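Dear colleague,

I am passing on the structure we spoke of, which you will find just below. My notes on it follow, and I would be glad if you read them with the coordinates open.

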Amino acid sequence: MSASLAVNLGGIQMKNPLNTASGTFGFGWQFEGFYDVSCLGAITTKGCAKEAWPGNDQPRMADVYGGMINSVGLQNPGVRGLVEQCGSYLAELRERDCQVICQVAGHSIDDYVAAVELFEELAPFASGLEINISCPNIACGGIAMGSTPEGAAEVIRAVRPRTKRPLLVKMAPARVPEIAKALEAEGADALTLINSIPGMAIDVRTRRSKLSKPTGGLSGPLCHAIAVRMVWEASQAVSIPICGVGGVTSGEDVAEFILAGATAVSIGSQNLFEPDCAPRILAELEAWVAEQGVRDINDLRGALEC
Amino acid sequence: MGAPTPSAGRLANALVRENELVSGEIYRILLEAPELAQALHEGQFVNVSVGGEAKQLTRIPLSFTQVDEQEGTVELVYALIGPGTRQLSRVEKGETLSVLGPLGNGWNLSAPLHRVLLVSGGTGTAPIIAAAMALAKMGVDADVVVGARSSDLLWGIDALEAKVQGEVIAATDDGSAGEKGFASEPALALLAKHDYDLVLVCGPEPLMKVVSAKAISLGIACQVSLERTMACGFGACSTCAVKTVHAMKGACMDGPVFDASEVIFP
């Protein structure tokens, strides 16, 4: 009998630990031409705010060693736009036994609250909400609010009473243990980490940033070892489940996150480089679990020996 | 409302039949990819993955010049502009590359056409050659202006002269081949001289801006093919944004070809 891969991410029951990192997976439907998206345990949709955002100027991405850097600036259709354009698809994906985590973006606490209320009103398909307090590419909100325990706690304190659905928080790659503790204390059901790492890429001939802004967010394999360390630190600090994100390209990368303490693991930029990677990564994960000789993948969570 | 339609792009492993320098820093690569060759429409693009280059994990978006449906081949053109395209130039005949396509919306050549003006610069000449081939098949007259910085970077003239029923004018910034100056100058002169019912432009944004503004002022339909840095090519990453009079659109799914009247040029 093959081992059980089912996990529970803060109240979101997933048939396997694989999730997708917000911003690398559109709204899910973009991948249906490559494979059956419902093979994933969950997807996380692009962050949406109470109203549509146009995002940042061009250029928005550049290649860097081991990954990429982006400054999309959370371009999104707003919660209403998401529901109008993709609501029926996402509801149908839920029926296909794939959980739908909707990411929430905001420029202020009032923005986050308003967006959560809109999701409550309009998006019955949402299995859970992921509050993004760590986007490095917007002028206010995002990382500006999520980079201190006090700022992060304030956002979650405001949104927590507005929803009974599982509430996840997308964390910045900074001050992880103390911010994780603050979020757990405010009633977050799970933590997603890490968001992209603030970085820079400069065209030395023109002396200009390769993005429309001086800095952007790094993603891709270059982030993986940093993310594994931060997931391990968070898992030592809190008892709520963690979704590990950062540079996953293989089942082995997923396994590292699980051994470091993650309950679920998101595939990020690899979705863009190799759009049909998820079924391959899932098969590799299954092979690893079988090789480890356990009947339940939960027995491997946090099983790092050192 | 139903689910939005995913990209028609599919992944395939394509055999490299040829990969050679055309001129200056311009290369052409001929790929054996029968399903892609059947599916591609002029003005669409493909995303090519190069292995073994840590500075290029994203796929490289490339335009095609021509397909041979019988042979099942697709000819792509690229310029050496960074580590990814340098790695691509080292790929040898007989190797395989992962390609994703067809991507995006190509030129719309469906209206009744009598005479079309084609204007290009740099690697923008690739989709212009594809358009010229299609127009020649349709028996539509076309004049072409091809620009480059200098003679060693000028390419595609022979292929165009062999195909189009009309003038082919070369222009170089330094005057080392053809007319001296930007491609916009002969293009504007042609617009004043002939009655066109469509103008297609692909090249640097200032060229597209100047030529499309003139065409629109004359009441001539104009399409532009835009270049953007992009990570996916199928609508998932939101990096290839294009400002339009309607909304922010994506070059990969809504373009790369746009009606010039909707594009807000910087």
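Please bear in mind throughout that this is a predicted model.

I begin with a pair of helices in chain A. Helix α5 of chain A, residues 176–185, packs against helix α6 of chain A, residues 224–237, at an angle of about 45°, and their axes are 9 Å apart. Because of that angle, α5(A) counts as oblique to α6(A), and the crossing of the two is right-handed. On the side of α5(A) the contact is made by V176(A), P177(A), A180(A) and K181(A), while α6(A) brings M230(A), E233(A), A234(A) and A237(A) to it. Sorted by class, the residues of this contact of α5(A) with α6(A) are six nonpolar and two charged, with no polar residue among them.

Turning to chain B, its secondary structure comes to six helices and 15 strands. A compact globule of 266 residues would have a radius of gyration near 18 Å, and chain B, at 18 Å, therefore agrees with that expectation. Taken along the principal axes, the C-alpha atoms of chain B fill a box of roughly 50 × 50 × 35 Å, and buried residues account for 53% of the 266 residues in the chain. Of the contacts in chain B between residues at least 6 apart in sequence, 65% join residues at least 24 apart.

As for how the chains meet, 30 residues of chain B are in contact with 34 residues of chain A. The side of chain B that touches chain A is made up of 16 nonpolar, ten polar and four charged residues.

In chain A, the peptide bond from L193(A) to I194(A) is cis, with omega near 15°, and I194(A) lies in the loop between β10 (190–193) and β11 (197–199) of that chain. In chain B, the peptide bond from G255(B) to P256(B) is cis, with omega near 10°, and P256(B) lies in the loop between β14 (248–250) and β15 (257–259) of chain B.

There are also positive phi values in residues other than glycine, including that of L74(A), near 55°, and that of S238(B), near 60°. L74(A) is found in the loop between β6 (67–70) and α1 (78–95) of chain A, and L74(A) is buried, with 25 other C-beta atoms within 10 Å. S238(B), in the loop between β12 (222–225) and β13 (241–243) of chain B, is buried, with 25 other C-beta atoms within 10 Å.

Technical notes: Residues numbered from 1 in each chain as written. Chains lettered and ligands numbered in written order. Predicted model: local features only at pLDDT ≥ 70, side-chain atom pairs only at ≥ 80, totals over all residues. Axes fitted to C-alpha atoms, helices over the stretch in contact; angles between N-to-C directions. Helix = DSSP H or I, 4+ residues; strand = E, 2+ residues; numbered from the N terminus. Parallel < 35°, antiparallel > 145°, perpendicular 65-115°, else oblique. Left-handed = near helix turned anticlockwise from the far one by under 90°. Contact = placed C-beta atoms within 7 Å. Nonpolar A, V, L, I, M, F, W, Y, C, P; charged D, E, K, R; others polar. Rg over C-alpha atoms; globule rule 2.2 N^0.38 Å. Buried ≥ 20, exposed ≤ 12 C-beta atoms within 10 Å, placed from the backbone.
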